[in-house]
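I opened the model to see how the chain is put together. My entries follow in the order I looked things up.

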Amino acid sequence: MRTDGWPTRAAVFGATGGIGAAVCRVLADGGVKVQAGSRSGEAPKHHLIEPFRFDLTDEASIAAAAASMADSPPDFILVATGTLTLEDGTGPERSLKALDPAAMARSMAVNTIGPAMIARHMLPLMPRDRRWVFAVLSAKVGSISDNGLGGWHSYRASKAALNMLVRNFALEMARTHPQGAVVALHPGTVDTPLSQPFQANVAPGKLFTRRDAAVGLVRVAGEVTSADSGKLLSWDGSEIAP
Ligand SMILES: NC(=O)c1ccc[n+]([C@@H]2O[C@H](COP(=O)([O-])OP(=O)(O)OC[C@H]3O[C@@H](n4cnc5c(N)ncnc54)[C@H](OP(=O)(O)O)[C@@H]3O)[C@@H](O)[C@H]2O)c1
């Protein structure tokens, strides 16, 4: 896809994820230089993609990544990380009795606190005199008003908290950076390892490919204005109520 001159450079945190890797490729194929972060230091192979290493649960690694970008900061930052089934195999809770404090804390660490630490270190690098977009991948299930089904307690709560932080950071940045935007993005249901165990109930035609999701997300980020700052936006640009 053409990116029409924006962004001039991008940073993707979560470059090994299903969606994150696809976004890196879409941007680089459009001529954008991408700094692509992951725990392993892996990233899609492309001459415009430069890998870096970070871990969401290691703030020093995030600070070091941000410091390495300080001289020429990206004007599009995407946090594409997240967890639904934990690495020890713990799946999302369906009932009160499934609640486990350690699993809840891990969900919050990865889905809420890690992205907040990326914001803490990346937002101060943003220019005051031109447009930039800081986006985090959230989820529609983090909308409280949309929740008619329940379940997935920690995941929903961690994304609702993330959406609140996005709103807070948007308000704080608007005071000094009137052309910037901090947004949460819902990618739709996308065929990745995160959604794989839960795809059986997805309606036909509603499961997006990684590339389609990436194209939609890059398009929405390209259209976001400062008036959108603080919102949760869907892959088609529509707003999802908190
Ligand atoms: N797929 C969907 O249908 C869907 C729907 C709604 C929202 N979302 C959201 O979209 C985002 C991306 O999801 P996805 O489907 O692309 O998932 P995915 O393929 O499972 O990718 C998850 C990414 O998060 C990274 N990650 C996890 N823990 C980390 C840590 N401690 N430090 C650094 N990176 C860490 C993983 O890195 P490693 O490779 O190192 O493990 C991987 O890059 C998530 O926030 C998810 O909630 C997805």
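**Entry 1: L27 and the ground rules**

I started with L27, which is buried because 27 other C-beta atoms lie within 10 Å. My cut-offs: buried means 20 or more other C-beta atoms within 10 Å of the residue's own, exposed means 12 or fewer, and partly exposed is in between, with C-beta atoms placed from the backbone. The model is predicted, so I note its limits: local features need pLDDT of at least 70, side-chain atom pairs count only at pLDDT 80 or more, and totals for chains, interfaces and linings use all residues. Residue numbers run from 1 along each chain as its sequence is written.

L27 sits in helix 1. I take helices (H or I, at least four residues) and strands (E, at least two) as DSSP runs, numbered from the N terminus. I then looked from L27 to W6. They are 21 residues apart in sequence and 9.8 Å apart in space, C-alpha to C-alpha. The peptide bond from W6 to P7 is cis, with omega near 0 degrees. P7 belongs to the segment before strand 1.

Eight of them form an open sheet, in the order 3-2-1-4-5-6-9-10, with mixed pairing. Strand 3 and strand 10 (239-240) stand at the edges with a single partner strand each, so one side of each has no neighbour in the sheet. I count two strands as paired if DSSP finds at least two bridges between them. Strands of a sheet pair through backbone hydrogen bonds, either parallel or antiparallel.

- Strand 1 and strand 2 are parallel, over five bridges. A10 is opposite V34 of strand 2.
- Strand 5 and strand 6 run parallel, joined by six bridges. Here V133 faces A181 in strand 6.
- Strand 9 (residues 232-234) and strand 10 are antiparallel, over two bridges. L233 stands opposite E239 of strand 10.

Then I looked at cover. In strand 1 (residues 9-13), four of the five residues are buried. In strand 6 (residues 180-186), seven of seven are buried. Which residues cover the two sides of strand 6? G180, V182, A184 and H186 are on one side, and A181, V183 and L185 are on the other.

**Entry 2: the core**

I asked which residues have the most contacts inside the largest nonpolar core. They are V12, V23, C24 and V183, in a core of 60 residues. Such a core is a set of buried Ala, Val, Leu, Ile, Met, Phe, Trp, Tyr and Cys residues joined through C-beta atoms within 7 Å. Helix 1 (residues 18-29) brings the largest share, eight residues.

Leaving out residues up to four places away in sequence, V12 touches G20, V23, C24, V34, A36, G37, L78 and A80. Contact means C-beta atoms, placed from the backbone, within 7 Å.

**Entry 3: helix 2**

I looked along helix 2 (residues 59-69) and found I62, A65 and A66 buried. Seen down the axis, the buried residues fall within an arc of 95 degrees, so they line one face of the helix. The arc is that of the directions from the helix axis to the C-beta atoms. The buried residues pack against strand 2 (33-38), strand 3 (49-53) and helix 3 (101-122). On the other side, A60, A67 and S68 are exposed.

**Entry 4: around the ligand**

I counted the shell next. The ligand has 27 residues around it, the closest being T16, G17, G18, G82 and T192. A residue is near if its C-beta atom, placed from the backbone, lies within 6 Å. Helix 1 gives the most, three residues. Helix 1 and strand 7 (189-190) each supply at least two. By class, I find ten nonpolar, 15 polar and two charged residues. Ala, Val, Leu, Ile, Met, Phe, Trp, Tyr, Cys and Pro count as nonpolar, Asp, Glu, Lys and Arg as charged, and the others, Gly among them, as polar.

**Entry 5: two loops**

Is S95 buried or exposed? S95 counts as exposed because it has 9 C-beta neighbours inside 10 Å. S95 lies in the loop between strand 4 (76-79) and helix 3. The C-alpha atoms of S95 and G151 are separated by 6.4 Å, though 56 residues apart along the chain.

W152 is in the loop between strand 5 (132-137) and helix 4 (153-174). W152 counts as buried, with 21 C-beta neighbours inside 10 Å. Its phi is near 55 degrees, a positive value in a residue other than glycine.

Methods
Contact = placed C-beta atoms within 7 Å.
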